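Please keep the sequence and the three-dimensional view at hand while reading.

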Amino acid sequence: MTSPIAITIRVNGEPASRAVEPRLSLADFLRAEGYTGTHLGCEHGVCGACTVRVEGRTARGCLTLAIQCDGLEVETIEGATGNGRVADLQEAFIENNALQCGFCTPGMLLTADELLQDTLSPSRTEIREHLSGNYCRCTGYQSIVDAVEQVARKRAERS
Amino acid sequence: MNEHLKPSVLDQPNSYVGKTVRRPNAKRLVQGQGTFVDDIELPRMVHLAFHRSSFAHAKIVSIDTQGALAMPGVVGVFTMDDIREVITPWVGVLDHLKGIKSAEQWPLANGKVFWQGEPVVAVAAVSRALAEDAAEQIFVEYEELTPVTDMSTALAPDTPVIHPELGDNLCFHRVVDSGDVDAAFADAAAVVEDTLHFNRHTGVAMEPRSIICDYRTAEGELTLYMSVQCPHMSKNIFAKHLGIDENKVRVICKDVGGSFGLKIHTYSDEMAAGAIAVVLGRPVKFIADRLESFVTDIHARDHLVKARAAFNSRGELLAIDMDDLTGVGPYSVYPRTSGIELNQVVNLTGGPYKHTSYRADGKVVFQNKNVMCQYRGVGHPIAVAVGEHLMDLGARKLAMDPVAVRRNSFIPDDAYPYTSPSGSIYERQSHHQCMDKLIEIMDYAGLRSEQARMRDRKTYRGIGFASLIEVTNPSPAFYGVGGARIASQDGCTIRLDPTGGITATTGVTEQGQGTETIIAQVAATAVGVPIEQVRVLTGDTEIVPYGGGTWASRGAGIGGEAALQAGKALKANILDLAAAILQAKPDQLDVRGGAVVDLATGNERMPLSELGRIAYFRGDTLPEGVQPELVATRHYTQRQFPFVFTNAAHACHLEVDVETGLVNLLNYWVVEDCGRVINPKLVAEQTRGGVVQGLGPALYEECLYSQEGQLLNGSLADYLVPMAAEMPDIVVDHIETPTGTSELGAKGVGEAGTAGAPAAVMNAINDALGPFGVTLTHMPFTPDKILKGLGKA
């Protein structure tokens, strides 16, 4: 085991400073800081439940080490809720019942938001492709695709 | 007004029943503010990690824990001997499954290990990481024993007996022989037969199994924070085996990240956590990681079925004769047993049809693999796939359309209530209406002509059907009569708060399917308040009425009826009080929109907030002898039938690439009859999610074991679950045949999607491959199997 290393990560705009073991994942760091909306579904980078934004791009919180994020900006679902970034997606998810148990939902929302930033009017096929790194075992995905498609249409109308 | 002329409370214009309303708990989940077990931190809490068996079958020679004990942060290291004083073993049998047997199961290996992944030693440390570090320093010397992995030879005389004290590897055997099967086959115009294999797969709930056991030594009280479907059952099990007064065990179940039947069973590692909490006297947390989940969460299915069917020349099903063999791992799982799935296969195969001769011989055998037990659909996917495959084979042999054979064989509409040859009683089903609607919404004729055109261009599309029945709203016949303390009744308590809103507590539980919403809709309607003023609490055994929780598609049908009756009772109490205050008669008043109104005119007489204010704070102003009772509790047990059956018709449309073996799902349709629909959106979403959990194992999901009993693909990278890109849009429509067993009339809907999808996919693939004379029956239908079937691999 290597000695703890002091790092500071700006989480949702606020500095979080702690001495961490080099092996500590970003997801575990965030959860220990109280950001429990970041969920751990597999811890080997497949399910996408731990998806967070690092310097504005989505990353797997379970495959990213906390020390890699020293000095970087990280945004979790709590931050994206607070600043309203995903408010329209959240509303559409509720309206379309695009969540059941809610465990995959924070990661799903951040992934969907990234798609909509990169692609103005994605097709259903493109939405399905893009969300395929995020597993949901409850919905069968259709309502999630419906919600994302609905927000894409509204965002496109606004822009 | 005569009682029978009164409009039902459910049919009022302002009724929430039958409407899509939003889920009140969805907002916190989209904001990441759910409370899953791993989100809970308690003072002095320790974390568990396990040393698990690397062998499928072995004797433990020695265990060396010294290195682990010396590791930093370690609070304790526990073998079975270290917790034996505080916990008793369990045996997964039920009295009504005649002859079922199993061995005593312990929280940690008791001298031998019986499957790869079985917990052997537990380490408690101040963090999970440190517990895992220490677990790596545990050294167990094993003496390998011959693993029994192939279920087809499990009963052979030269196969070792896994538990010598049981005498053989047979867990359960059930035979049904009804009508005259031999005569039916002798007289048949067409006889078809085949062998089907149903792959072992698992549930993969996104939130792994999770538990915190908080034992307070001063009071001798145990609080369990669990991710479960049945808090009261867990309370009973932990109390019984830890020797704690059941009244001193509390189960708190907050958000549950998916369960699908996984989280209703007794797991060794969770029981070990309970025992260690008692020994240590401090909170113990165990969160299974994904790798542990694959080797310990119950697996499902694993059936080998040989079946044949007899038809007359009109395509009417005359008889089914089948043998089912299923491997359930080394133990029958406690307390629901691993015999129930086979029981359901035997009960339900050919369920929609009018044949009167039926023989089924089902055997459940032990093997050295992870345990198998009830998972969403319990036996239904096997029963439906076997029956529906036989229907297609019959149609093919008689050169009839598969839909015609089904229509000719359905139980006639005027034959209900109907007793099936396996002894199941069907109150009323709508197979003809469901099939008619299905054919219409899918444009069957259009798809068939498109299929013919595409075949000319060497594109192979297939259409597959599945008609099915689903067990819902179980009576005590499911578990109670077998001796398991799993409640089939459920209760609901509704309180009028001083604000005029209501608070409902219910024994049924929420795992995302929308139970709390359903209860809110029913309670709001029954009492007469806006749904925004309803608060629903579930999942805490110290708050909610005693109940069974959520399993066997019972939440809406059982819990909903209890809520309806509690709401009506509270409303009657409200009207009595209002009449006293307003000097009116109770039957001249009603409660609508959160106010007491004149029944005839609808004019508001008093808001409920005013009634609440008077009742709770100004009782001095009430007439003499008037004591407000603004809490009402009602319970409901369905006991008219053993189960209330639903029915559905599914169709799958897909394309098979005969060069690559890949299956492309194009469309999927479901016409579902779950009785009264309380919330159309939630019914549709349960159906869609259920279908996808049936499509997964039909096409991708399989727990692959080596001959030595090693799970070969136990990670989420190797075990394939459906992703968004592969799944089709699913059209869901309804027929509503309310059950007469309750006033609410709702049946269940949670499992029917999973029940039908494997059959529909299999039939569609075989329809697509019809031109090649290929029939595949070995799930999952992976590209290699399809190419092999086509002679290309």
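What distance separates the centres of domain 1 of chain A and domain 2 of chain A, taken over C-alpha atoms? The two centres are 22 Å apart. The model discussed here is predicted.

**Chain A as a whole**

- Chain A contains six helices and five strands.
- Read from the N terminus, the order of these elements is β-β-α-β-β-β-α-α-α-α-α.
- The radius of gyration of chain A is 16 Å, close to the 15 Å given by the globule rule for 159 residues, so chain A is as compact as a globular protein of that length.
- The C-alpha trace of chain A extends over about 50 × 30 × 20 Å along its principal axes.
- Of the 159 residues in chain A, 57% are buried.
- Among contacts in chain A with a separation of 6 or more, 59% are made by residues 24 or more positions apart.

**The two domains of chain A**

- Domain 1 of chain A covers residues 5–80, and domain 2 of chain A covers residues 86–154.
- Where the domains meet, 14 residues of domain 1 of chain A are in contact with twelve residues of domain 2 of chain A.
- On the side of domain 1 of chain A that touches domain 2 of chain A, strand E3 (51–54) and helix H2 (77–82) of chain A each provide at least two residues.
- E3(A) gives the most to this side of domain 1 of chain A, namely three residues.
- Sorted by class, this side of domain 1 of chain A holds six nonpolar, seven polar and one charged residues.

**Contact between chain B and chain A**

- Between the chains, 42 residues of chain B are in contact with 38 residues of chain A.
- Helix H1 (26–30) and helix H17 (680–699) of chain B are the elements that give two or more residues to the side of chain B that touches chain A.
- H17(B) supplies the largest share of that side of chain B, with seven residues.
- The residues on the side of chain B that touches chain A comprise 19 nonpolar, eleven polar and twelve charged.

**A sheet in chain B**

- Strands of a sheet pair through backbone hydrogen bonds, in either a parallel or an antiparallel manner.
- In chain B, three strands form an open sheet in the order E22-E23-E24, and their pairing is antiparallel.
- Strand E22 (589–592) and strand E24 (604–607) of chain B are the edge strands, each of which pairs on one side only.
- From one strand to the next, the twist averages 30 degrees.
- Strand E23 (residues 595–598) of chain B is joined to E24(B) by three bridges, and these two strands run antiparallel.
- B:Val596 has B:Met606 in E24(B) as its bridge partner.
- Helix H16 (residues 608–617) of chain B lies across E23 and E24 of chain B, at about 55 degrees to E24(B).

**Cis peptide bonds in chain B**

- The peptide bond from B:Tyr334 to B:Pro335 is cis, with omega near -5 degrees.
- B:Pro335 belongs to the loop between strand E14 (317–327) and helix H9 (340–348) of chain B.
- Another cis peptide bond runs from B:Met779 to B:Pro780, again with omega near -5 degrees.
- B:Pro780 is placed in the loop between helix H18 (752–768) and helix H19 (783–789) of chain B.

- A:Asn97 is a residue other than glycine, yet its phi is positive, near 50 degrees.
- A:Asn97 occurs in the loop between helix H3 (87–95) and helix H4 (105–118) of chain A.
- Is A:Asn97 buried or exposed? A:Asn97 has 27 other C-beta atoms within 10 Å, and the cut-off for a buried residue is 20 or more, so A:Asn97 is buried.
- B:Phe260, also a residue other than glycine, has a positive phi near 60 degrees.
- B:Phe260 is located in the loop between strand E11 (249–252) and helix H7 (268–280) of chain B.
- B:Phe260 counts as buried because it has 28 C-beta neighbours inside 10 Å.

Note on methods. Residues are numbered from 1 along each chain as its sequence is written. Chains are lettered from A and ligands numbered from 1 in the order in which they are written. This is a predicted model: local features need pLDDT of at least 70, side-chain atom pairs count only at pLDDT 80 or more; totals for chains, interfaces and linings use all residues. Domain bounds come from an automatic or database domain assignment. Two residues are in contact if their C-beta atoms, placed from the backbone, lie within 7 Å. Helices (H or I, at least four residues) and strands (E, at least two) are DSSP runs, numbered from the N terminus. Ala, Val, Leu, Ile, Met, Phe, Trp, Tyr, Cys and Pro count as nonpolar, Asp, Glu, Lys and Arg as charged, and the others, Gly among them, as polar. The radius of gyration is taken over C-alpha atoms; the globule rule is 2.2 Å times the number of residues to the power 0.38. A residue is buried if 20 or more other C-beta atoms lie within 10 Å of its own, exposed if 12 or fewer, and partly exposed in between; C-beta atoms are placed from the backbone. Two strands pair if DSSP finds at least two bridges between them. Axes are lines fitted to C-alpha atoms, for helices over the stretch in contact, and angles run from 0 to 180 degrees between N-to-C directions.
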